[in-house]
Amino acid sequence: MLQDASPDKTAPAGREPARLSVVAPAQHSASATPTDSSAVEPRSPLPELPSEAPAPAQSTPEPEAEPEPEPELELTEQPAPTPLEPSAGEGVSGKAEEADWKAELQAHLAQYRRYPRRALLRALEGDVRLALDIDAAGHILDHRLASPSRHDLLNEAVHEMVSRANPVPAPPASALAGGRLRITVPVRFTVNE
C-alpha cells in the first residue's frame with residue numbers, strides 16, 4: 001500500500017515539498033515465486049530529513065569578513081630593484097653641495113642688491129620672491145617675480161639686481177635637470193640692516 005505524505009508547510013517558497021512514500025513489507029508465503037510480477041521488493045529506508053529547511057542564502061546576511069593580513073613578502077622570491085637614486089653617501093654629499101651653492105647664490109645676489117634711495121627715505125620695506133632659470137654655467141636665462149613686493153620701487157630694484165649679478169655661481173650638476181635649474185630665492189629689503 002502506497003501513501004503520499006501531506007506537503008510540508010515549512011518548505012520555502014519556490015521549492016517543491018519533499019514527498020515520502022511508505023511501502024508496506026510484502027508477506028512472503030511459501031507458494032510465492034520470485035518471478036511473481038506483483039511482488040514488490042522492499043526498499044531501503046530514506047535518510048532522515050532535517051526538521052528545518054535551510055534558509056535561502058539571500059535572506060541571511062553574512063557577517064562581514066575581517067580582512068586577512070597581507071602575507072609577508074620574502075626577499076628571496078623577488079630580485080632586488082636597481083637603485084635609480086644615488087646611494088646614501090652620494091645623496092648626502094649632493095644635498096650638502098646644493099645647500100652650499102644656495103648659500104653662495106644668496107651671498108652673490110646680496111652683493112648686487114641696491115636699496116633704492118627713495119625707498120629708504122620713505123622707509124619702505126618688503127620681501128620679494130625671485131624665480132630664476134639658470135644654466136649649467138651659471139647664466140641667468142630668465143627671471144620673474146614669483147611674489148612681488150607691494151612697493152614698485154623694491155620690485156624694480158630686484159630686476160636691476162638680476163642684471164648686475166648675471167652670471168651667478170654655477171649650480172652643482174646634481175641640481176640640474178635638462179641642463180638648467182629653476183629656483184626661487186627670497187630677496188628682503190629692511191631699513192635697519
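1. Overall pattern. Read along the sequence, the elements come in the order α-α-β-β-α-β. That makes 3 helices and 3 strands. Keep in mind that this is a predicted model.

2. Burial and surface. The protein has 193 residues, and 21% of them count as buried.

3. Contacts along the chain. Take the contacts between residues at least 6 apart in sequence. Of these, 70% join residues at least 24 apart.

4. The sheet. The 3 strands form an open sheet, and their order is β2-β1-β3. The pairing is antiparallel. β2 and β3 stand at the edges, and each has a single partner strand, so one side of each lacks a neighbour in the sheet. Neighbouring strands are turned against each other by 25 degrees on average, direction ignored.

5. The helix on the sheet. Helix α3 covers residues 152-165 and packs on this sheet. α3 touches β1, β2 and β3. The direction of α3 makes about 25 degrees with that of β1.

6. The hairpin. Strand β1 spans residues 126-135, and strand β2 spans residues 140-147. The two pair in the antiparallel sense over 6 bridges. They form a hairpin, with 4 residues between them. In the turn, G138 has a positive phi of about 100 degrees. Then look at A131, which stands opposite R144 in β2.

7. The aromatic pair. The structure holds 1 aromatic pair. The partners are Y115 and F189, with ring centres 5.3 Å apart. Their planes stand at 85 degrees, so the pair is edge-to-face; the cut-off for that class is over 60. Y115 lies in the loop between α1 (88-112) and α2 (117-121), while F189 belongs to strand β3 (residues 180-189). The pair therefore ties together parts that are 74 residues apart in sequence. Are these two residues, Y115 and F189, buried or exposed? Both are buried.

8. A charge over the ring. R113 lies over the face of F189, at 5.3 Å from the ring centre.

9. E125 and its surroundings. E125 sits in the loop between α2 and β1. Its relative accessibility is 37%, so E125 counts as partly exposed. Which residues does E125 touch, leaving aside those up to four places away in sequence? The answer is Y115, H151, L154, F189, T190, V191 and N192. Both rings of the aromatic pair, Y115 and F189, are thus in residues on that list. E125 and R188 are 63 residues apart along the chain, yet their C-alpha atoms are separated by 7.9 Å.

10. Backbone points to inspect. Most residues other than glycine have a negative phi, and most peptide bonds are trans. Two places call for a look against that background. A123 is not a glycine, but its phi is positive, near 55 degrees. A123 is found in the loop between α2 and β1. With 47% relative accessibility, A123 counts as partly exposed. The other place is the peptide bond joining N166 and P167, which is cis, with omega about 0 degrees. P167 lies in the loop between α3 and β3.

Technical notes:
Residues numbered from 1 in each chain as written. Predicted model: local features only at pLDDT ≥ 70, side-chain atom pairs only at ≥ 80, totals over all residues. Heavy atoms only, no water. Pairing = 2+ DSSP bridges. Phe/Tyr/Trp six-rings, centres within 6.5 Å; stacked < 30°, edge-to-face > 60°. Buried < 20%, exposed > 50% of the residue type's maximum accessible area, 1.4 Å probe, protein only. Lys NZ or Arg CZ within 6 Å of the ring centre and 35° of its normal. Contact = heavy atoms within 4.5 Å. Axes fitted to C-alpha atoms, helices over the stretch in contact; angles between N-to-C directions.
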